[in-house]
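Thanks for coming. Please look at the picture while I talk.

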Amino acid sequence: MPPAQSAACTYLVDWTATKLRWDLSTDETEQAALLELAEPCADSTVEYEPAS
């Protein structure tokens with residue numbers, strides 16, 4: 001996570017978009033952490049294009 005709290009939602013959106021774009025797996029621990037960290041980011045939207 002970035003040291004600046006104000007960058008947390010942007011970082012999580014980018015992390016999630018990258019995982020989705022490249023069809024990368026997420027284990028239960030990572031998924032739980034991402035969901036917990038993303039709670040304050042309810043207004044954020046993840047946009048991505050699948051890699052070719």
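Just after helix α1, Asp23 takes a positive phi of about 55°. Keep in mind that this is a predicted model, and that every value I mention is computed from it.

Now the overall picture. The protein chain has two helices and zero strands. Its C-alpha atoms fill a box of roughly 35 × 20 × 20 Å, taken along the principal axes. Of the 52 residues in the chain, buried ones make up 15%. The chain exposes about 4,300 Å², and carbon and sulfur atoms supply 52% of that area. As for contacts with a separation of 6 or more, 64% of them are between residues 24 or more positions apart.

Next, helix α1, which covers residues 8-21. How far apart should its ends be? At 1.5 Å a residue, its 14 residues should span 20 Å, and the end C-alpha atoms are 20 Å apart, which agrees.

Which residues of α1 are buried? They are Ala8, Leu12, Val13, Ala17 and Lys19. These residues cover an arc of only 160° around the axis, so they sit on the same side of α1. What do the buried residues of α1 pack against? They pack against α2.

One of that group is a lysine, so let us take Lys19 by itself. Is Lys19 buried or exposed? With a relative accessible area of 15%, Lys19 counts as buried, because the cut-off is under 20%. Leaving aside its neighbours within four places in sequence, Lys19 is in contact with Leu24, Ser25, Thr26 and Glu30.

Leu20 counts as partly exposed, at 40% relative accessibility. Which residues does Leu20 touch, leaving aside neighbours within four places in sequence? The answer is Val46 and Tyr48. Leu20 and Val46 are 26 residues apart along the chain, and their C-alpha atoms are separated by 9.3 Å.

Now to α2, residues 28-37, and to Leu37, which lies in it. Leu37 is partly exposed, with a relative accessible area of 39%. Again leaving aside neighbours within four places in sequence, Leu37 is in contact with Met1 and Leu12.

Last, the surface. Which residues make the nonpolar surface patch? Met1, Tyr11, Trp15 and Leu37 make it, and its area is about 380 Å². Trp15 lies in helix α1 and is partly exposed, with a relative accessible area of 35%. Leu37, on the other hand, belongs to α2, and one of its contacts, Met1, is in the patch as well.

To go back over the main points: the chain has two helices, the buried residues of α1 pack against α2, and the nonpolar patch includes Trp15 and Leu37. That is the end of my part.

How values were computed:
Residues numbered from 1 in each chain as written. Predicted model: local features only at pLDDT ≥ 70, side-chain atom pairs only at ≥ 80, totals over all residues. Heavy atoms only, no water. Helix = DSSP H or I, 4+ residues; strand = E, 2+ residues; numbered from the N terminus. Buried < 20%, exposed > 50% of the residue type's maximum accessible area, 1.4 Å probe, protein only. Contact = heavy atoms within 4.5 Å. Areas by Shrake-Rupley, 256 points an atom, 1.4 Å probe, with all protein chains shown as cover. Expected span 1.5 Å × (residues − 1). Arc of directions from axis to C-beta. Patch = residues over 30% accessible without salt bridge, like charges linked within 9 Å, V, L, I, M, F, W, Y side chains within 5 Å. Salt bridge = Lys/Arg side-chain N within 4 Å of Asp/Glu carboxyl O.
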